[in-house]
Amino acid sequence: PLSKPRQAPLRLPPDTSREKFDAAIVALKKVLGEKGVELNDKPLVDGWYMEHPNTHDAYHIVDQEEMVCSAIAYPSTVPEVQEIVRWANEFKIPIYPISMGRNIGYGGAAPRVPGSVVVDLGRNMNKVLKLDANNASCIVEPGVSYFKLYEEIKKQGLPLWVDTPDLGGGSVLGNAIDRGVGYTPYGDHFANHCGMEVVLPNGELLRTGMGALPGKDGADNPTWGSFQNAFGPSVDGIFSQSNFGIVVKMGFWLMPDTGHQSYLVTFKREDDFQKIVETIRPLALKRIIGNVPQLRHSIQELAITGKPRSTWYTGSGPMPREVIKDGVSKLFFGECAWVFYGTQYGDPDSISSQLALIKSEFAKIPGSKFYLPSDVPKDHYLHQRAEVCSGVPSLKDLEWLNWKPNAAHLFFAPITPTDPKAAYTVHSIIERLYEKWGFDIWPTLCFAGREIHYISVVVYDRGNEEEKRRARCLMREMIAETAKEGFGEYRTHLLFADQVAQTYGWNNQALMRFNETLKDALDPNGILAPGRNGIWPKNYRGKGWEL
Ligand code: ADP
């Protein structure tokens, strides 16, 4: 099921005949050379994380062939990106920029409009352009992965960390403009960026922040990597989760190497959820908790062993609570329903005083237990967490993909305040709907100061059309039901973007109307990633594109 013969050989862009398309491709090859353009007419291969396709969404939730591009363009320079944009305007062909295109669980490399030309920036534009040890910052191109940046820092022997997500193969730039998160104190990736260079939909080149002020004799501005907002409206935000520009360079702050200590706390009772959140709340608010910690449901302790679900359960429907409990109790910790992974930072004295406080707060929850890495077996996931939380990219989190045959995953990712009642409202909707649609519950709560990214994973078999249908139904219902309670997603798979965007509809969709005004002004021909994050250009609106 993961690679089948193509039903249709090539998906053309909308309103484009084969002749027109062929003529356009000839013109594009004049810009990028023969090797700079590839038609997407071969069988689709899902590959795996490190060899992911740029032809479609490897974690398809509809037919594999529905979300495909017509061709892929590989620019090597910023002027080539500008040329591609001008080409798209001339031929009225939609383009869809990706940095590396991993973006798993959110649509991979797939364009929202089938037949778009994917602009794969990362293949040839993959340099760390600057690593500034004094300022602890860098400037990267779209193709720089967490691994690559990490290796570059090591090569130069600098005492700096890269904040990485659970998996380290994605693009630093791509993840940040999609507002992804990691787990060190620099875990909010967009908040820790500083400066961008952007190709606008008309081909114009723009620098944001201090970069807009030319440095001496045409050099880059010396404070480009130091101060985010510069002068006038702060425009960086409109290039995140949008389709207003192609980001070709981006600056990031890097965390100076420091002492760190990871730990975990287990909680015995599933129903202590609210107590746990209430214990974390003041610790997070006062920034006593050092990073973006995770509270995980213990089913993930089973999954992260890398063993398939059938090791514990072969029945139909979601894995029952009792089965999870029983399975987990045979692992290292004994009985446990929730696991909290945290890390403290600083010198040894401050770490130990922070830990003493954290320990005593959690100890108020009956049955909770505290562990350091030295207390757990060598192969326990805590050791991996300690790496991710101290700036070392990892692939360990791929292991839970053994859970099911052809396993793929989707994320449902609402935000709640760090408030037990609110978090529980969302949690109970999710629990009920997972049960209804037959999926194993899989929550990970990432805590920041005042909010929780409640990341709920849907693990499904992408070879099973019926299961994919149920996964889609589950997503739609969760989006609708949590929105009714006032909770919304921070990010979503491209196929649910219209529905999620609509939930942000205060005052008769004022926000979307504002985004559309920007879109129409910046991209009058509607060539750049139409439909991304629910923003449709005027030539697409009201024609049945919205899902
Ligand atoms: P990753 O490499 O982390 O998997 P992607 O390259 O898939 O990330 O980026 C995630 C999404 O962000 C893409 O699907 C695309 O819509 C958008 N995107 C990525 N890179 C750029 C860019 N340089 N300019 C504009 N949008 C981008």
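The face of helix α11 turned away from its buried side carries the exposed residues Glu465, Glu466 and Lys484. Helices (H or I, at least four residues) and strands (E, at least two) are DSSP runs, numbered from the N terminus.

This is a predicted model: local features need pLDDT of at least 70, side-chain atom pairs count only at pLDDT 80 or more, and totals for chains, interfaces and linings use all residues. Residues are numbered from 1 along each chain as its sequence is written.

Stay with α11 for its geometry. Its 20 residues should span 28 Å at 1.5 Å a residue, and its end C-alpha atoms are 29 Å apart, which agrees. The expected span is 1.5 Å times one less than the number of residues. The buried residues of α11 are Glu467, Ala471, Leu474, Met475, Met478, Ile479 and Thr482. Seen down the helix axis, these buried residues fall within an arc of 125°, so they line one face of α11. The arc is that of the directions from the helix axis to the C-beta atoms. An α-helix has 3.6 residues a turn, so residues three or four places apart point the same way.

What does the buried side of α11 pack against? Its partners are β16 (407–412), α10 (420–437), β19 (451–461) and α12 (497–503). Contact means that the C-beta atoms of two residues, placed from the backbone, lie within 7 Å. Met478 sits in α11 (residues 465–484). Met478 counts as buried because it has 24 C-beta neighbours inside 10 Å. Not counting residues up to four places away in sequence, Met478 touches Phe412, Ile429, Ile430 and Leu433. Val426 is 52 residues from Met478 along the chain, and their C-alpha atoms are separated by 9.0 Å. After α11 comes Gly486, with a positive phi near 95°.

Now take the whole chain. It is divided into domain 1 (18–120), domain 2 (128–253) and domain 3 (260–491). These bounds come from an automatic or database domain assignment. The C-alpha centres of domain 2 and domain 3 lie 29 Å apart. In contact are 20 residues of domain 2 and 19 residues of domain 3. On the domain 2 side, helix α3 (residues 146–155) gives the largest share, three residues. That side has nine nonpolar, six polar and five charged residues. Nonpolar covers Ala, Val, Leu, Ile, Met, Phe, Trp, Tyr, Cys and Pro; charged covers Asp, Glu, Lys and Arg; the others, Gly among them, are polar.

Where does the ligand lie? Domain 1 and domain 2 both give residues to the shell around the ligand, so it lies between them. The ligand is surrounded by 21 residues, and the closest are Met100, Arg102, Asn103, Gly170 and Gly174. A residue is near a molecule if its C-beta atom, placed from the backbone, lies within 6 Å of it. At least two residues of the shell come from each of β3 (95–98), α4 (172–177) and β10 (246–253). The largest share, four residues, is from α4. By class, the shell has ten nonpolar, eight polar and three charged residues.

Two backbone angles remain. Ala230 is not a glycine, although its phi is positive, about 55°. Ala230 lies in the loop between β9 (205–207) and β10. Ala230 is buried, with 20 other C-beta atoms within 10 Å. Asn507, in helix α13 (residues 506–522), also has a positive phi, near 55°. Asn507 counts as exposed, with 7 C-beta neighbours inside 10 Å.

Notes. A residue is buried if 20 or more other C-beta atoms lie within 10 Å of its own, exposed if 12 or fewer, and partly exposed in between; C-beta atoms are placed from the backbone.
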